[in-house]
Each structure stands twice: as structure tokens, then as C-alpha cells.
Amino acid sequence: MIVVHPENCTGCMRCMLVCSYTYTKKFSFSASRIKIREYRAEFTEDCNECGKCVEQCFYGALEMVK
Amino acid sequence: MSFAGKILRIDLTNCEINKYDSDLAKNYIGGFGFCAKLACDNIKPEMDPLSPSNPLIIGAGALVGTNAPATSRIYAFTKLPANGAIGWGGGGGVTFACNLKFAGYDAVIIEGKADRPVFITIEDNDIGICDAEDTWGFGISETCQKIWKECGEGGIMAIGQAGENLVRFSMMYVDRLSTVGRGGIGAVMGSKNLKALFVRGSGSVEVKDRRRFDKAVKELLERMRSYPYLKEWQELGLLKSLPAIPRDVYLKLRKRRIACVSCPIGDKDVLELDGEEIYTTSAVNLVTPAVMGMNYKDAMRLTAKLDEYGMDMFEFLGILNFAKELSEKGKLELDSEIDFTSLDSMLSWAKKIALREGTGDLLANGFTEMEKKFGVKPKSVVKGLRAYVTPKGPLIWNLFGTMELGQILDPRGPHVAAGGSPTYFAKRPPESFRKHLARMGIPDEKIEEILSGGIKIGKLLCYSHIWFTVLASLGICARAQINRFYNADICAELYSAATGIEISKNQLLDRAKEVWRMLKLANFRAGFTREDDLPPEDWLDDGFRDYVTGEPLTKEDVERMLDEHYMEMGLEEFMRR
Ligand code: SF4
Ligand code: SF4
Ligand code: SF4
């Protein structure tokens, strides 16, 4: 499960960039399964919890909890 | 490949919108280089900067939109109202630059003048020119809020009241968090009746060779992750190297750290000062007026207000200094006292200038006009703009390094961005130079030449400019905490992998050099000669000191550096005859 810490989010969108790139081979905001709104991450139904976005977050705003 | 491939051209006079393909990237790298070429082709020497014909060219770099770290930059080229130079401003692109690429454009060129206040919306293929009557007169934050409310998520470039009123040191702001300025770029927007640009892209950016690209990005990210000062930089940003306020005071005020899209070491902030939210480019900027004797809270309030008006703080303080000097000489009558330690005095002057009230109307015209009117030369002013660093501060040493020389040689006038090198800090050990210079791609024998018998500042500056041009053309942020992870090899590798335009390190550096030469020569044709590159008189003899020997800097020292620089850059036109 991915736990979100919105207080640490900077809006860098590295999570969105990597998600779209992983699943569509292109960088975009539109195809990302994680959406950042007002510095709070939300996941779409397609998210498979692969954890790529967590790896790309440098600020501790996303955390993978087993 | 990682280029969007299209340029958008909008003529505000007759609401004409054109989109066209361009292969300029091939020879001009992308982003900065590409826009520089568009500027040199489209700006004529005789153009009045505030006339409808002066184009405003805004573009994003070759890697913008990808996940290469901190590839967020946005650049705007135009003829600068402060001095008539074919110049530019650049800033962290926050969410604007990548959205422009996702919408399908590498650059947008804005020409003409709308018959009423407007803002432009760019949503993929849909381009709108919308009424901005209800935001005209608003500050930067208010304008952004209103547009976001109306249009939803997206990047915004906007001006405040200073730009509307054609203040010659007004700036454009990106998402209220970055400045694109110096030289009055805000006034160019104002002269076109253009309050803001809004952009949202639903498209994407691709890279040509994913495996190669991913490998280079992975390596960069790993190095960033294992950087021992990563946490400290993330926590403090520029305050790490310039501790303008104590750490605990700053952390208490900070509500959120903000980063431009793709940046792992963001340094923008939302602060809360006595219940009021302040969005800022950096906390260091925010407290800068404290050097004039204000307490830090008042300094922050003043900078926040100047940011709302959309006005360059350095220029604002500089012009007030000059006005004070003129009034003490009995040449100028002021309508109220200028007191740098009083917030009330500073706020009243900020308002007067931004809204052109009373004497503020005159001050808003900037140094060039003031000098002409009063026949007095202002101190530390180069090409009509106040230098960032002067022998009297704000740095605590007065050594003449590449940043200092860069301020007089930059074709657009003094700026912090283009003269970066280890000379930024006094008395760096020679080894730090060698490492830094190799990273910038300078060949070994050149490094020897630069470092032998002291440091050849003029020659070194040539490579600082080239390195800056590489980063800017790729869209990589040049701030110290980012720049340090990149080198010329990685840049060439990322560029080749992303764009499919195969380029070697040396080819990349050569193209960057050509871009800088082109800008310098275009300005030469617009009337900027060696004379304009000479230092202000107060920098000499009892001003700056030689970086290596510490001896007072003489005019001849600087002339020698200029020749050394022009020779290395291939700018014979500027050489001593
Ligand atoms: S966990 Fe994987 S699929 Fe879900 S949002 Fe993150 S990267 Fe996308
Ligand atoms: S969750 Fe992390 S990666 Fe995503 S925008 Fe926030 S800080 Fe950036
Ligand atoms: S270092 Fe600052 S300006 Fe540069 S990309 Fe990061 S947040 Fe933006």
C-alpha cells in the first residue's frame, strides 16, 4: 500500500512523469495514474501499486508500506 | 523527438494565430539557443522595445517535459526596455515549461498589441485570446488565483501592476514562484496589453532512445541520492550557502517547500509571516533588503510586495539609491523621504513606482532615462542596469571573478546567471577549479592555459558562458545544487538519446559557443560596442581587487581580460584596435 504524506509534497511531479513513462513510454501528466492536486497525491483505479512513483519521490511524500 | 516540433506565433493586433514546424533545433540545440536564434532573426536593431513590433519569444529546453532532473527552465527573449539590448530572462519553469511542451510547442512568439487587456490560453490546439479587464490592476498572486479558478490546473506567466505601467524594471512571474526578468520584460508584456499566458498540455514528450536515456538519468539520480548534502539542500536551499537568516527562524516560517516540475532539490517556498502567506522564488531573495538596514520581517514584507507588483527588487533599491543621491545633490525634488530602514517608506515608494505616481513616474523609467535627464552617472550601473555585485557588497569580499566580469560582458546587462565558476567564492583552492572546469567540458590543455600564472578570468568566463548556454538550451536549471551533478558528457548523452540528434560533447560546446557569439554580435549590430563592456568607474582603483593577487583592479587589467575573452570567444569586432 502507498501511504501519502502531503505535508512533504513539493509538486515536483516526478511521480507523475515516471508513471506515465512506465506505462505509455511517453512523459505526460494526462496518462499518469497518480495525480497531484494541491500537493496531495491521489491514485486512479488503474494504479497497480508498482511503486515506481515512490522510488522517484525525493521528498518523502510517498511511502510504500508492506 | 523530445522536441514538441512546433512553434506557435500569435499576433495580438489582428488576433492571428499560426503554428509551424521548425528545424532550428538542429543547429541551435533547443530552448535557449533556439529562442536566441528566433530573437536574432526577428528583432531589428531599430525596433522600439515597447512598440507592438517587438516580439516576445518564450521557449522551453530540449529536455523539458522529461524526468531528467531539474529540466524545468523557461526563457523569454525580447528587446529589453531598460537598455535596448536583444536580451532575455530565464526562470524555473515551475509547471509552465513542461505544459508548453505537452501542449505541443517548443516556443511561442507573441507580437503586436491587443486593443484591450487580454490573457492568452494555450490548451493543446486550442488557443484563446481572452478578456483580462477584470485582472488588469491585479498583483501577481491575485492574477494567478483568478486564472486558475477560471481555467483550472496549468502553468501561468503573468505580470503585475509594474508591467502594466511599463516600469522599465518590471518582470514576468511563473506560477507566482519564479521571476523571468531584468531589463523590463514585464513591460514588454504590458505594452502588448498582455496580462498573462496560461498553458495546459494534455499531450506528451517522448525520447528517441529510452534505454540510453534511462541509463543516463538513473546515474544522475543515484548521484543525487547519495549526495551527502542532499537533505541540507532540500531543507535550506540557497540559505545553505548564503545564510541570510538563522535556520530555525526560517524553518518556523516555512509552510511548504516547492519544486519546479522534475526537480529533486527544489528551493522555492511558501512562508507564513504573521498569518500572511508569501510565495517566493527563494528565502534568500526575500530577506535581501535587510542588507540596507531593515529587520528581516520587514525585508520579507517589502520583497513580497515588490513580487506582487512584479518588480525587480535589486533595480528598485538601486534606483532609490540613485534618486536619494540626486536629491542630496539638489538635482531632484522628492515627494517623500527615502528611508531604506523603514518599511513604510519603502512600501510607499514601491507603490509610487509601480503605479507611476508622483516622482515614482520618473523613477519607473529606469537608469538610462534618469542618467540622460540629470546628466549624472549612477554608480555600479552597466548597460542601464544596476549590477548585482559591486565592490561594496552584497558579497563580503570584493574580488573580481567571472561573475563580476560576466556582469559587464553579458550582452543584456548585469545578471547573476551567466558568469558562474568557482571564483564565485573567494580564494577557492586551485583543485576545485580543475574539477569544475573539466565538468564544463574544457579540454585539459585549455584548463592549464586558464590556470597557469594566476587565473585568466576573461578566458574562463568564455567557458562559463558556454556552459550556461548548454544547460539553458537543454532546459537544465543552472542553480548550484543542480548544476553540480551535470557535466558536458552527460549533457551530450542525454541530448542525443532524447532528441535523436547525435551530438558529441565537443559539438555541443561548439554550438553553444556559436549561440553566445550570435547574441553578442546581434547586439553589436544594435549598437553595443566594447565601450559598453567597460566597467563602471567606481569599480576601479579603489573598487574591486584582482582575484588572485588582491591588488586594486585597474582599467588596464579589465581591458586585458576583455581582449582575452573576445579572442577566446572569436569576437574580433570587440577587440582593441
Ligand atoms: S504505483 Fe505504479 S501504477 Fe501506481 S501511480 Fe505509482 S507508478 Fe503509477
Ligand atoms: S508526491 Fe513526491 S514525487 Fe510526487 S509531486 Fe509530491 S514530492 Fe514530487
Ligand atoms: S533548483 Fe529551484 S529553480 Fe531550479 S529547478 Fe529546482 S526548484 Fe526550480
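Guide: Happy to. In this predicted model, the largest nonpolar core holds 168 residues, and the members that touch the most others are B:Ile58, B:Phe213 and B:Tyr486. Helix α19 of chain B, residues 457–474, gives this core its largest share, 12 residues.

Let's stop at B:Tyr486. Setting aside residues up to four places away in sequence, B:Tyr486 touches B:Ala68, B:Pro69 and B:Thr71, along with B:Leu220, B:Arg223, B:Arg439, B:Trp467, B:Leu471, B:Ile476, B:Cys491 and B:Leu494. Apart from this core there is a second, separate one of 35 residues, with B:Leu332, B:Leu334, B:Ile353 and B:Val376 among them.

Helix α19 also turns up beside another helix. The buried residues of α16(B) pack against α19, and against β16 (381–382), β18 (399–400), α22 (505–525) and α23 (555–569) of chain B. Helix α16 spans residues 402–409, and because eight of its eight residues are buried, this helix is largely enclosed by the rest of the structure. Those buried residues include B:Glu404 and B:Gln407 as well as B:Met403, B:Leu405, B:Ile408 and B:Leu409.

Now for the way out to chain A. B:Asn67 sits in the loop between β3 (56–60) and β4 (74–79) of chain B. Its relative accessibility is 5%, so B:Asn67 counts as buried, the cut-off being under 20%. Beyond neighbours within four places in sequence, B:Asn67 is in contact with B:Phe213 and B:Val217, and across the chain boundary with A:Arg14, A:Leu17, A:Val18, A:Phe27 and A:Gln56.

Widening the view, 35 residues of chain B are in contact with 25 residues of chain A. About 2,400 Å² is buried between the two chains, and carbon and sulfur atoms give 53% of that area. For polar links, there are 17 residue pairs in polar contact, both partners at pLDDT 80 or more. On the side of chain B that touches chain A, two or more residues come from each of α3 (96–103), α7 (210–225), α8 (230–236) and β13 (254–258). Helix α7(B) gives the largest share of that side, six residues. Sorted by class, that side has 17 nonpolar, 10 polar and eight charged residues.

One last stop: the count of salt bridges between chain B and chain A is one. In this salt bridge the side chains of A:Arg37 and B:Glu153 meet at 3.6 Å, N to O.

Key. Residues are numbered from 1 along each chain as its sequence is written. Chains are lettered from A and ligands numbered from 1 in the order in which they are written. This is a predicted model: local features need pLDDT of at least 70, side-chain atom pairs count only at pLDDT 80 or more; totals for chains, interfaces and linings use all residues. Side-chain values use heavy atoms; hydrogens and water are left out. Contact means heavy atoms within 4.5 Å. Buried area is the accessible area (1.4 Å probe) that two parts lose on being put together, summed over both. A salt bridge is a side-chain nitrogen of Lys or Arg within 4 Å of a carboxyl oxygen of Asp or Glu. A polar contact is a pair of N or O atoms within 3.5 Å; within protein, one must be able to donate a hydrogen and the other to accept it, and residues adjacent in sequence count only if both atoms are side-chain atoms. Helices (H or I, at least four residues) and strands (E, at least two) are DSSP runs, numbered from the N terminus. Ala, Val, Leu, Ile, Met, Phe, Trp, Tyr, Cys and Pro count as nonpolar, Asp, Glu, Lys and Arg as charged, and the others, Gly among them, as polar. A nonpolar core is a set of buried Ala, Val, Leu, Ile, Met, Phe, Trp, Tyr and Cys residues joined through side-chain atoms within 4.5 Å. Buried means under 20% relative accessible area, exposed over 50%, partly exposed in between (1.4 Å probe, protein chains only).
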